[in-house]
Amino acid sequence: MSLDTARLVQMANAIRALSMDAVQAAKSGHPGMPMGMADVATVLWGEYLKHDPRTPEWADRDRFVLSAGHGSMLIYSLLHLSGYARPTMEDIRNFRQLGSPCAGHPENFLLDGVESTTGPLGQGLAMAVGMAIAERHLNSTFGDDLVDHRTWVVAGDGCLMEGINHEAIGLAGHLKLGRMIVLWDDNNITIDGTTDLSTSEDIKARYEATGWHVVGCDGHDFADIRRALDEALADDRPSLVACKTVIGKGAPNKQGTSATHGAPLGDEEVAAAREVLGWDAPPFEVPDQVLTDWRGTRERGAKLRAEWHGRLVDHEQRAEFERRMAGDLPHGDAAENYIASLIAEPQNVATRKASEMALAEINPRLPDTIGGSADLTGSNNTKAGGVEPFTADNYGGRYVYYGIREFGMAAAMNGMALHGGVIPYGGTFLVFTDYCRAAIRLSALQQVRVIYVMTHDSIGLGEDGPTHQPVEHVQSLRMMPNVLVMRPADAVETAECWNVALRQKDRPTVLALSRQNLPQVRTHQLSENMSERGGYRLKAAQVPRRVILIATGSELHLAMECAEKLEKEGVGADVVSMVCTRLFDEQDEAYRSDILPDVSSDEILRVSIEAGTTFGWERYVGTHGLTIGIDSFGASAPANDLFEKFGLTADAIVPQIMNKLNG
């Protein structure tokens with residue numbers, strides 16, 4: 001579609017008007033960015049972006065990520081104007097209000113066309129790196145006929161300042177992800193004021209140094225915007241397009257200042273802006289001609305989608321492509337036979353090694369997986385099953401060497417999962433979940449299947465000492481909504497946990513795995529995946545039950561030792577493996593009551609045993625139970641010495657239980 005400049009100006013002004021009206025009505029929000037980037041967005045969405053508002057789930061659409069999520073009215077305006085079913089004008093009128101899909105920051109689960117939840121600055125751009133990785137990988141598998149699209153990002157100064165930006169662009173440049181284009185809203189303004197208050201770096205030089213193509217343009221000159229975008233499209237490197245803009249453009253008294261960044265313009269300034277822009281329409285109304293011009297932009301995408309669908313219909317890989325994009329697992333499950341082999345030949349291995357053994361079974365059978373590690377491949381044991389590295393020369397590879405970029409890795413995995421067609425997993429030490437916690441939180445919030453392989457899960461890692469011993473991390477992750485935190489005790493439970501994690505379409509999983517070898521406590525084949533229950537009775541009391549020992553991971557075999565000693569004293573003890581507290585809490589009341597009978601009974605003492613903080617375990621042992629754990633930081637020493645020092649031995653625990661029972 002080719003329109004004259006005057007009509008393009010009015011199309012851009014529609015974005016400005018809707019943005020300032022919605023923010024004014026809500027009495028909160030950020031009008032400046034959408035008003036400043038309206039011209040760039042009009043060119044991008046009107047002439048370049050490959051999408052079809054009438055088929056928003058189209059697999060080969062371009063991905064558009066508003067990394068500067070505070071400017072959410074930009075994408076809400078674009079979605080409405082270009083013809084998506086929602087947001088409706090009523091939705092926009094209720095911007096930031098309860099029940100409206102036009103939340104303060106874009107949420108991927110509320111609106112079609114919002115590819116990712118953004119707001120925490122920098123993460124949108126970093127997730128886009130993952131989307132670009134997924135696109136190139138799927139292209140290598142299915143070819144240009146089915147997968148041939150780009151990832152576009154609108155980012156602000158804040159996105160480019162955040163530390164994750166350095167991690168993300170370094171990875172993208174190294175992998176030569178040329179189908180990723182970042183449009184930088186270069187307006188020199190942050191909330192505090194001009195950017196020279198806090199930074200003097202040469203951003204363009206930084207991007208160039210990491211292997212990016214960099215081009216600038218006047219963000220208010222349509223022809224110059226096109227020139228820059230065309231240059232970006234022609235280059236085989238990822239591109240940064242520095243769009244020089246005026247924040248709040250059109251607001252005569254506040255444009256170019258931080259006053260437009262995070263607050264409504266005010267009634268007088270909105271009225272003045274209308275006059276400057278020549279916008280006569282009342283609030284929340286778009287003139288017919290302007291709306292017609294916007295709706296006309298969708299025909300290009302509809303044509304491209306129809307052509308693509310024609311290729312899909314007769315494609316020999318159609319069924320596999322549709323399966324993968326739907327996120328479905330292939331029929332058949334190798335885990336059952338694999339677990340049977342473990343029962344036949346028990347393996348006393350670290351659960352990180354058990355995870356590698358499970359992946360050796362999974363990866364050859366499940367082409368969807370893309371693994372990786374933040375420079376700890378040999379420690380996390382994440383490369384298994386014959387997968388090749390994903391590199392600039394081999395996008396068909398299924399293993400990403402992320403380098404020391406834990407946060408960037410986690411965000412990129414979110415982007416892969418959001419893109420669809422792949423199931424990402426990645427590893428680092430559990431203690432470094434602190435480095436990627438914000439991305440794990442977005443995994444949960446966005447309801448995506450990302451698997452975090454977090455090894456060295458307790459003081460059992462030994463000599464690296466308290467800096468690397470994650471005593472508080474498991475419990476802090478358990479309290480995060482919509483995350484499965486699974487701490488398996490042996491090779492069988494680890495295989496079961498992988499099986500569970502792969503089936504979670506709408507939430508992430510953290511696998512907390514040991515460095516040290518552990519005995520296999522599951523030595524009998526069971527009829528179901530017991531780890532899927534979250535908690536289950538591993539051992540029933542042999543004499544009248546007086547104690548229930550609840551343990552996880554490397555402490556489960558310790559609980560078995562304690563139970564054996566207690567039974568010799570005439571004290572019956574159940575042992576419960578609490579692999580995942582969230583899954584256990586999701587079981588029906590009858591099951592939970594069977595595993596953990598009423599804590600009010602003085603006859604049954606509940607005891608938790610975990611090599612980490614005791615915080616939170618009172619939920620399961622009650623106020624009169626015992627919580628055995630570590631409520632301090634660890635120390636540097638061999639693992640066995642540390643378990644003895646911190647009282648995590650049967651000789652130390654059993655006397656405490658007997659004292660409690662004897663009152």
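Is Glu47 buried, exposed or partly exposed, and what is its relative accessible area? The points below answer this in the setting of the whole chain.

1. Basis of the note. This is a predicted model, in which local features need pLDDT of at least 70 and side-chain atom pairs count only at pLDDT 80 or more, while totals for chains, interfaces and linings use all residues. Residues are numbered from 1 along each chain as its sequence is written, and side-chain values use heavy atoms, with hydrogens and water left out.

2. Overall form. The protein chain contains 27 helices and 18 strands; these are DSSP runs numbered from the N terminus (helices: H or I, at least four residues; strands: E, at least two). For 663 residues, a compact globule would have a radius of gyration near 26 Å, and the value of 28 Å for the protein chain agrees with this. The radius is taken over C-alpha atoms, and the globule rule is 2.2 Å times the number of residues to the power 0.38.

3. Burial. Of the 663 residues in the protein chain, 62% are buried. Buried means under 20% relative accessible area, exposed over 50%, and partly exposed in between (1.4 Å probe, protein chains only).

4. The pair Glu47 and Arg226. A salt bridge joins the side chains of Glu47 and Arg226, at 2.7 Å from N to O. This pair links distant parts of the chain, since Glu47 lies in helix 3 (residues 38–48) and Arg226 in helix 10 (residues 222–234), 179 residues apart. To answer the opening question, Glu47 is partly exposed, with a relative accessible area of 23%. Arg226 also counts as partly exposed, at 24% relative accessibility.

5. Salt bridges in general. The term denotes a side-chain nitrogen of Lys or Arg within 4 Å of a carboxyl oxygen of Asp or Glu. A search of the whole structure finds 42 of them. Another joins Arg237 and Asp235, whose closest N and O atoms are 2.9 Å apart. Here Asp235 counts as buried because its relative accessibility is 18%, whereas Arg237, at 33%, counts as partly exposed.

6. Backbone details. Arg86 and Pro87 are joined by a cis peptide bond, with omega about 15°; Pro87 is found in the loop between helix 4 (73–82) and helix 5 (89–93). Phe284, a residue other than glycine, has a positive phi near 65° and counts as buried at 10% relative accessibility. Asp375 has a positive phi of about 65° although it is not a glycine, and it counts as exposed at 51% relative accessibility.
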